[in-house]
2 protein chains.
Amino acid sequence: MSRIIRRIVRIAAVATVLAVPLAGVRAEEAKPARAAPVIGAAVSSFELANGMRVVVIPDRRAPVVTHMVWYRVGAADEPAGRSGIAHYLEHLMFKGTPAHPGGEFSKIVSKLGGQENAFTSSDYTAYYQRVAKEHLGLMMELEADRMQNLALDPATAAPELKVVLEERSMRTDNDPSAKLGEAVDAALHPNHPYRIPVIGWRSEIEKLTVKDAIAFYDRFYTPNNAILIVAGDVDEATVRPLAEATYGKVARRAEPGERMRPQDPDSVVTRAIALADERVTQPSWRRVWQVPSSRTAAAGESEALDLVTDILGGGATSRLYRELVVDKQLVAQTGAYYQSTALDQGKLVVYAVPRDGVALADVAKAVDEVIARFTREGPSAEEVAHATNKVLAEAIRSQDNQATLARIFGEGLAIGQTISEIQTWPARIRATAPETVKAAAATWLTPERAVTAELRTAPPSGKPLPKLSFPMGGPGAGGAIR
Amino acid sequence: MSRIIRRIVRIAAVATVLAVPLAGVRAEEAKPARAAPVIGAAVSSFELANGMRVVVIPDRRAPVVTHMVWYRVGAADEPAGRSGIAHYLEHLMFKGTPAHPGGEFSKIVSKLGGQENAFTSSDYTAYYQRVAKEHLGLMMELEADRMQNLALDPATAAPELKVVLEERSMRTDNDPSAKLGEAVDAALHPNHPYRIPVIGWRSEIEKLTVKDAIAFYDRFYTPNNAILIVAGDVDEATVRPLAEATYGKVARRAEPGERMRPQDPDSVVTRAIALADERVTQPSWRRVWQVPSSRTAAAGESEALDLVTDILGGGATSRLYRELVVDKQLVAQTGAYYQSTALDQGKLVVYAVPRDGVALADVAKAVDEVIARFTREGPSAEEVAHATNKVLAEAIRSQDNQATLARIFGEGLAIGQTISEIQTWPARIRATAPETVKAAAATWLTPERAVTAELRTAPPSGKPLPKLSFPMGGPGAGGAIR
């Protein structure tokens with residue numbers, strides 16, 4: 001489950017099926033079965049002496065490179081009571097080092113006409129730049145520098161904490177749908193830290209200190225806990241000497257150990273939550289099941305859930321769309337997505353937005369009926385073939401985007417998948433039989449594994465609405481969209 | 001919130017109002033107001049050089065003593081992923097020391113005609129014996145011995161883990177109502193460790209080791225983290241030399257530090273859960289609000305909640321009883337209780353058992369109406385006077401029981417109250433005005449602070465029911481009912 005903070009556009013192409021109905025996805029369905037594509041067939045990989053993994057994804061179409069460093073640490077690895085420290089440290093990573101103080105790294109990227117970004121999820125934290133290929137060595141030098149020499153002091157850290165709190169206000173506290181999402185995660189995970197928001201609980205963010213950030217940095221930002229992905233107009237022969245000269249010089253300074261998080265007990269209850277807020281203009285309904293991720297699933301199970309998701313809620317040909325939007329005309333929008341990329345459990349989400357005047361309870365009933373029939377009867381062979389072709393087409397399309405491919409490998413490796421597992425996902429999708437899809441739905445889409453959530457309108461309270469404030473461009477926010 | 005494992009009879013007299021309607025509680029109501037009683041007026045207290053607190057509660061009515069040692073540690077202080085270690089250690093404390101191996105301590109108590117027990121809650125762990133007064137010194141010697149010399153080895157610890165797992169099967173896993181209770185706590189506490197069951201999650205209990213127990217023991221079972229309560233036919237002059245000769249010799253071997261647990265964010269959602277099980281013969285409904293405890297509340301607020309609870313659901317004169325049982329004849333049973341004794345937040349519970357054929361939704365609606373009217377209109381002066389007299393009568397009655405009084409002080413001190421705060425609770429109850437009671441209900445009994453839970457019947461699954469197994473008397477269970 002890549003619970004990337006919501007500003008990060010979800011890469012739906014491979015890890016999940018698209019959540020929003022897409023026109024024109026039928027291109028592949030009429031074609032006969034053929035060999036499944038391999039994702040990133042030209043990928044190569046090696047390890048530096050200090051334990052840092054390097055992955056090279058050649059892409060010769062343009063003279064640019066995407067340079068990413070992924071740390072195998074995210075919000076679910078935070079110490080108790082210190083939620084938000086992973087994301088806060090991500091911000092602080094832009095504060096400079098003795099050799100490159102202040103926002104110098106960002107300024108260099110900008111001056112070179114490049115782009116940069118960083119993101120934190122429950123399972124990983126990543127930093128990237130996209131620049132012309134001749135600047136790759138410089139990016140590696142600068143990134144390796146902040147992997148070991150980050151300057152952390154209260155004078156720069158304290159204002160950045162305010163930026164993070166503003167970010168939380170804007171993205172979560174002032175957004176009823178996001179607040180509901182937080183409550184869903186909390187309800188879904190009685191014990192696992194996936195219940196804790198990636199950005200952190202406000203009361204805990206407020207108490208984070210530079211000392212917390214240093215402890216987290218020292219424990220997790222060590223080269224043996226990092227993965228370098230270089231995608232673009234390069235090959236292993238180019239990348240290896242650069243990597244050895246930069247990251248290769250960084251001392252292995254901690255052993256983060258195995259990532260063992262407290263696990264959830266099996267749920268025996270059904271759970272429902274609701275949020276009513278005057279800022280809600282459009283009620284909506286969602287149901288979230290805790291299901292295996294690509295990493296925790298038994299063989300073939302995660303791929304079956306990919307297909308379950310697509311058949312139920314992937315676009316205008318899906319069962320939910322046909323039944324609820326077209327036939328019954330109950331909802332304006334509906335769909336499903338599966339967050340399969342997670343170190344621990346994943347989640348499968350079905351959502352619907354009712355038409356004016358339709359009660360959420362009626363939407364729930366109609367969704368229930370669609371799912372009950374699906375788990376009872378299973379999909380038709382045609383549905384499975386169609387869904388297979390669709391997700392394979394998306395996998396093929398993902399290869400056209402250098403940054404997408406870099407993220408697929410970074411994300412997969414960060415949660416413990418092998419390169420081969422990532423590459424052969426299309427073949428496993430293709431090998432999934434209709435009865436496996438049916439069994440996956442019946443096993444995992446049970447009432448006890450789900451949390452049902454309603455977002456409701458509410459009459460105005462008479463109190464003025466909290467002011468929305470935007471940290472972008474403010475002091476300390478830097479140039480990065482992070 | 002003293003989430004004592006359920007085998008421990010809740011001392012409802014003072015800390016809460018009784019959960020079950022009681023006949024004959026009206027004795028005090030007609031009397032005019034008088035000075036509020038002081039709980040344990042003769043209590044004295046001192047501290048040993050190693051930081052252990054000693055409290056003496058003279059009670060000369062019989063030549064017996066109640067000897068208790070309370071540790072300021074409970075399940076909410078456990079390391080992440082090690083749930084159940086506090087309770088497991090409680091079991092292991094009966095496994096002996098080099099000087100008194102095996103079950104020798106328990107055998108001595110039994111031979112002397114005494115009783116013993118131990119209990120673990122989220123906030124504390126306590127051990128007690130009740131013996132003839134001449135054996136007090138021996139009890140202190142034995143308890144001080146196991147405070148520092150506990151013999152912990154895999155040969156005795158491993159079978160005891162099986163006993164704990166059997167206890168969990170019997171008390172929780174095979175009891176739908178207890179399972180629902182676990183889910184309520186999990187839903188009520190998105191972040192605070194009160195969400196974790198005192199006995200632990202099964203998957204985590206299974207992995208507990210002797211090493212975990214030793215680490216927990218070494219960190220928390222130090223005299224400066226302990227409170228000795230001696231109630232009975234003794235005074236400070238008798239107890240002091242005995243305490244100095246026994247507990248006084250135990251080295252202060254750790255500094256457990258301040259008890260800071262991760263706190264819950266304010267809830268913005270309403271939450272409902274349901275459990276349907278074929279073993280349920282009688283459906284029931286409950287709603288649990290997160291409210292301040294006697295320790296976290298603003299001045300007067302916890303006492304106001306004591307009165308809210310009694311007026312709403314304390315016995316046959318309460319609003320819920322009159323309206324739901326007598327007038328509307330919807331339910332067979334209803335009541336309320338307030339778990340006020342907690343280091344962090346407390347909880348207030350309203351429950352109801354419908355009559356045959358009455359839907360749980362109708363029960364919920366009727367309860368909602370009672371509470372809505374109460375928070376809107378507040379209580380009458382008569383209701384407050386009646387409830388005040390009732391809880392004060394219970395406080396007076398509690399003084400008749402040596403063990404009850406010992407527990408009141410042990411529990412209060414273990415969560416950080418002072419002796420004076422415990423003693424003057426009746427006076428604070430007496431000083432609570434009707435408008436304060438109304439304000440407390442309006443502030444705290446809001447939909448967003450609550451979790452609503454339904455226990456439902458279900459048709460037989462056709463699968464055989466899990467076997468109930470009783471560890472009592474089995475190997476390793478010892479003689480103690482613990």
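Trainee: Which residues touch the most other members of the largest nonpolar core?

Mentor: A nonpolar core is a set of buried Ala, Val, Leu, Ile, Met, Phe, Trp, Tyr and Cys residues joined through C-beta atoms within 7 Å. A residue is buried if 20 or more other C-beta atoms lie within 10 Å of its own, exposed if 12 or fewer, and partly exposed in between, with C-beta atoms placed from the backbone. Here the largest nonpolar core has 261 residues, and A:Trp70, A:Leu228, A:Ile229, B:Trp70, B:Leu228 and B:Ile229 touch the most other members. This is a predicted model, in which local features need pLDDT of at least 70, side-chain atom pairs count only at pLDDT 80 or more, and totals for chains, interfaces and linings use all residues. Residues are numbered from 1 along each chain as its sequence is written, and chains are lettered from A and ligands numbered from 1 in the order in which they are written.

Trainee: What does A:Trp70 touch?

Mentor: Two residues are in contact if their C-beta atoms, placed from the backbone, lie within 7 Å. Leaving out residues up to four places away in sequence, A:Trp70 touches A:Tyr124, A:Ala126, A:Ala226, A:Ile227, A:Ile229, A:Gly410, A:Leu413 and A:Ala414.

Trainee: How many residues of β3(A) are buried?

Mentor: Helices (H or I, at least four residues) and strands (E, at least two) are DSSP runs, numbered from the N terminus. In β3(A), eight of the eight residues are buried, so this strand is largely enclosed by the rest of the structure. A:Val64, A:Thr66, A:Met68 and A:Trp70 point one way from β3(A), while A:Val65, A:His67, A:Val69 and A:Tyr71 point the other way.

Trainee: Where are the domains of chain A?

Mentor: Domain bounds come from an automatic or database domain assignment. For chain A it gives domain 1 (51-249) and domain 2 (271-457). Their centres, taken over C-alpha atoms, are separated by 29 Å. In the contact, 26 residues of domain 1 meet 26 residues of domain 2. On the side of domain 1, α5(A) gives the largest share, eight residues. By class, that side has 16 nonpolar, four polar and six charged residues. Ala, Val, Leu, Ile, Met, Phe, Trp, Tyr, Cys and Pro count as nonpolar, Asp, Glu, Lys and Arg as charged, and the others, Gly among them, as polar.

Trainee: How many residues does each chain give to the contact between chains?

Mentor: Chain B gives 27 residues and chain A gives 27 residues. On the side of chain B, the largest share, six residues, comes from β7(B). That side divides into 17 nonpolar, five polar and five charged residues. Strand β7 (residues 270-277) of chain A is joined to β7(B) by five bridges, and the two run antiparallel. A:Ile273 stands opposite B:Arg271.

Terms used. Two strands pair if DSSP finds at least two bridges between them.
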